[in-house]
Amino acid sequence: MSAQAVATEVLSSSSVLPPFAGAHTAGGQDFEVIPFNAGLGAEIVGIDLGKPLSVADFARVHRAHLDHHVVVFRDQRITPQQHIDFSRRFGKLMIHVLHQFHLANHPEILIVSNIVEDGKPVGLGDAGKYWHSDISYKPLPSLGSLLHAQELPAEGGDTLFANMHTAYETLPAEIKAAIDGKVAVHSYLAKYDDMKKAANWRPTLSAEQLAQVKAVSHPAVRTHPETGRRALFVSEGFTTHIEGLPEDESRDLLNQLFAHSTKDEFIYRHQWREHDLVFWDNRSLIHLAAGCPTHLRRKLFRTTIEGDLPY
Ligand code: SIN
């Protein structure tokens with residue numbers, strides 16, 4: 001089957017909005033959506049995000065994002081402002097609590113980097129060390145994030161994405177029953193102290209920063225507000241416990257969910273290329289930064305779009 005036929009089939013399979021597939025040019029850019037073999041993810045080939053997108057082109061990108069959950073735009077030589085402008089078309093941007101790692105004059109961008117200059121980290125070096133959905137610790141967690149490569153290591157530095165729809169759908173019946181209607185608590189501080197002790201990236205949070213990250217409760221299984229598909233919504237990085245269960249039962253259930261949701265068959269592994277921009281859906285996926293040798297420089301810019309109240 002050709003890439004275009006595959007695209008048509010996959011794009012059609014879970015549509016709520018009308019599907020768009022193949023190359024379209026009328027009034028817009030000539031680009032294609034090519035799904036990966038991984039069961040999630042697609043590459044959008046031939047688009048320039050530095051140019052304004054027509055309404056129809058934007059609708060195709062939006063559709064591809066909903067259908068494939070993570071979309072990869074290659075060779076995007078865009079400025080931080082263009083990155084922000086494109087991200088804003090999907091919703092309000094969130095400002096990360098670690099203002100220490102905002103890009104100068106662009107607080108909408110979080111610098112993710114292992115580079116240390118003059119003894120100071122230029123970005124958050126251990127971002128994504130544990131599986132997580134971005135900013136799930138806020139009352140309105142993120143819709144999606146856009147990560148743009150600035151400097152890449154010659155080795156390592158991949159990002160892994162796990163499909164929480166298929167993870168939910170393939171849960172054993174007794175675990176599905178055990179989490180049905182349950183509420184999970186998410187906290188930015190879940191792993192903060194461990195990570196602070198393990199490496200030198202994380203600042204001590206001020207009282208003002210702590211006030212911004214009070215723990216929140218969300219359904220352990222959420223419904224995607226745009227596609228109607230159900231997805232697991234817990235992660236090792238931010239979920240501390242399930243409300244209403246004894247501590248050991250909650251830990252045991254969460255450990256089973258974490259192990260199940262990160263099985264190889266649910267994962268797309270992104271190997272970064274220069275100037276890639278990767279846009280994922282935090283309502284459908286969790287992700288993990290695989291890490292790279294510490295002497296190799298890695299720097300990416302991230303914007304994070306606010307989403308809806310999970311239900
Ligand atoms: C993140 O979790 O946002 C960072 C992912 C990465 O650095 O690969």
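A cavity is a set of grid points where a 1.4 Å probe fits but cannot get out, and its lining residues have an atom within 4 Å of a point. This model is predicted. The structure holds 3 cavities of 30 Å³ or more.

**Second largest cavity**
- The volume of the second largest cavity is about 110 Å³.
- Its lining includes the histidines His132 and His287 and the arginines Arg298 and Arg302.
- Val112, Ala127, Gly128, Asp134, Leu147, Thr159, Trp280 and Ala289 also belong to the lining of the second largest cavity.
- By class, that lining divides into 5 nonpolar, 4 polar and 3 charged residues.

**Largest cavity**
- The largest cavity holds about 210 Å³ of space.
- Its lining comprises 19 residues, with Gly128, His132, Tyr188, Arg202 and Phe238 closest to the centre.
- The lining of the largest cavity has 10 nonpolar, 4 polar and 5 charged residues.
- Gly128 and His132 line the largest cavity, and Gly128 and His132 also line the second largest cavity.

**Largest pocket**
- The largest pocket has a volume of about 340 Å³.
- Which residues lie nearest the centre of the largest pocket? They are Asn114, Gly125, Asp126, Gly291 and Cys292, among 16 lining residues.
- The lining of the largest pocket has 8 nonpolar, 5 polar and 3 charged residues.

Definitions and conventions. Residues are numbered from 1 along each chain as its sequence is written. This is a predicted model: local features need pLDDT of at least 70, side-chain atom pairs count only at pLDDT 80 or more; totals for chains, interfaces and linings use all residues. Side-chain values use heavy atoms; hydrogens and water are left out. On a 1 Å grid over the protein atoms alone, a cavity is a set of points where a 1.4 Å probe fits but cannot get out, and a pocket is an open set with protein on both sides within 12 Å along at least five of seven lines; lining residues have an atom within 4 Å of a point. Grid points are joined across faces, edges and corners, and a volume is the space filled by probe spheres set on the points. Ala, Val, Leu, Ile, Met, Phe, Trp, Tyr, Cys and Pro count as nonpolar, Asp, Glu, Lys and Arg as charged, and the others, Gly among them, as polar.
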